[in-house]
Amino acid sequence: MIPYRLISKKRGGGELTPAEIGQLITAYLAGDFTDEQMAAFLMAVCINGLTPKETAALTRAMTASGEVWDLASISGPKIDKHSTGGVGDKVSLVLAPWIAACGVVVPMMSGRGLGHTGGTLDKLAAIPGFETALTKQKAIRVLKKIGVVLLAATPGIAQADRRMYALRDATGTVESIPLITASILAKKLAEGANGYVFDVKYGSGAFMVDLPAAKTLAESLVKIAQSAGKKAVALLTAMDQPTGFAAGNACEVVEAIGCLQIRRPDDLYRITRALAVEMLILAGLFRSRVRAIDRLEKAIDDGSALDKLRAMIKAQGGDPRVVDEPLRLPQPKCSQPLRASKTGYVQKIDTCRIGWALVELGVGRKKSDDEVDLTAGIILEKKIGARVIKGEIVGSVFGGTKSKLKVVSDEISASLVIGPTRKKPAKLIHSRFDGRRWTEA
Ligand code: URA
């Protein structure tokens, strides 16, 4: 394998063979394909794309670059969900225990906040004692006992992706659908589930703002996962405004717990339930959506979903009392109201801007080694379509310091576009892709 030849083939728009892609990743891990050469290759991919066959080969090679878990010793269907991320996206916290209470085994590897989007691991860090840096042995023990585990990808998983992702971040090559597909799937396929539901977000707070780009990513994820022998389906869901009312870390844990009790906020509940139905069907536990919904409703009514959350928190070293006593979560020292800048209707929300304001507040990181402020966040009560009056309180911002709160609250108020007519939010659950066709969800 001569690195120069593979790079120039891709630069010229040629198609690499699966063997060539396999050799490239092997050589990269062995130090025979340098970071400079990989950066050039990634740029060539960013510009010329990859065919589905190349994307599948890259995904395979990246998955095989680290350990691949075998969960065969755990009985029951193993299904996971992956979200492409957004602001206020606390779905995993609600979904994982809920679906586990219905008999699905959920080995869920999650990430930290990325760019303007929040991360499940950061939210879980708000639960006192909760441990996400688990070894494979410990994760499997928790899965066998409780049926659900939420953890960080172990250092052994998808070694090539770790280095490639850092290079992409530094060379402006993150925004490539085949590279995003291979990066996400390399980690997901390594965790050993039988099937995956992808929650692909579209709208102002998503990485794929436009519907067509989000659809292309969804198709790529589902088809490549299926070509790797996994069951897979994708839902396109709205991220034109934060999901729920809370965006932050501890405040999102509180909202997620509430959702398993009172089925509110409505958007969070509906997105989570739609994904849960897909997971129950992929798991082979139900064929009928109506029956799957009945089962899910029962797990909320009889308290078993909430019990599963308590059991999972306990098994991962956390304090399960937070479920019933949310004041045990880290509390902010200061807060400030958010006010409407004019009278009218909230027509649009610049959700990405809100996400960056939250990073400024300390909810996320500016540098990879920054500490996050677990107490910081916002509650945004007025969302798209709501009528507001100039000066009216539309929510609150908390955490950080008083001076920071002022800057961030101005930024968040400016993210709300207020106009004279009522506008509708984007369709919450837009559509569903099963590998062959798109249907209304
Ligand atoms: N998340 C990942 O894991 N990889 C990407 O490339 C983008 C989002």
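1. Helix H15 makes the largest contribution to the lining of the largest cavity, with 3 residues. Helix H15 spans 351-361, and at least two lining residues each also come from helix H6 (120-124) and strand S6 (246-248). These remarks concern a predicted model, and they should be read with that in mind.

2. The volume of this largest cavity is about 130 Å³, and 19 residues line it, those closest to its centre being His-116, Thr-117, Gly-118, Leu-358 and Val-363. By class, the lining of the largest cavity is made up of 11 polar, 5 nonpolar and 3 charged residues.

3. As to where the largest cavity sits, its lining draws on residues of both domain 2 (79-325) and domain 3 (331-419), and the cavity therefore lies between these two domains.

4. In total, the model holds 2 cavities of 30 Å³ or more.

5. For the second largest cavity, helix H11 (250-262) and helix H14 (304-315) each provide at least two of the lining residues. The lining of this second cavity comprises 9 nonpolar residues, with no polar and no charged ones, whereas the lining of the largest cavity includes 11 polar and 3 charged residues.

Conventions. Residues are numbered from 1 along each chain as its sequence is written. This is a predicted model: local features need pLDDT of at least 70, side-chain atom pairs count only at pLDDT 80 or more; totals for chains, interfaces and linings use all residues. Side-chain values use heavy atoms; hydrogens and water are left out. On a 1 Å grid over the protein atoms alone, a cavity is a set of points where a 1.4 Å probe fits but cannot get out, and a pocket is an open set with protein on both sides within 12 Å along at least five of seven lines; lining residues have an atom within 4 Å of a point. Grid points are joined across faces, edges and corners, and a volume is the space filled by probe spheres set on the points. Helices (H or I, at least four residues) and strands (E, at least two) are DSSP runs, numbered from the N terminus. Ala, Val, Leu, Ile, Met, Phe, Trp, Tyr, Cys and Pro count as nonpolar, Asp, Glu, Lys and Arg as charged, and the others, Gly among them, as polar. Domain bounds come from an automatic or database domain assignment.
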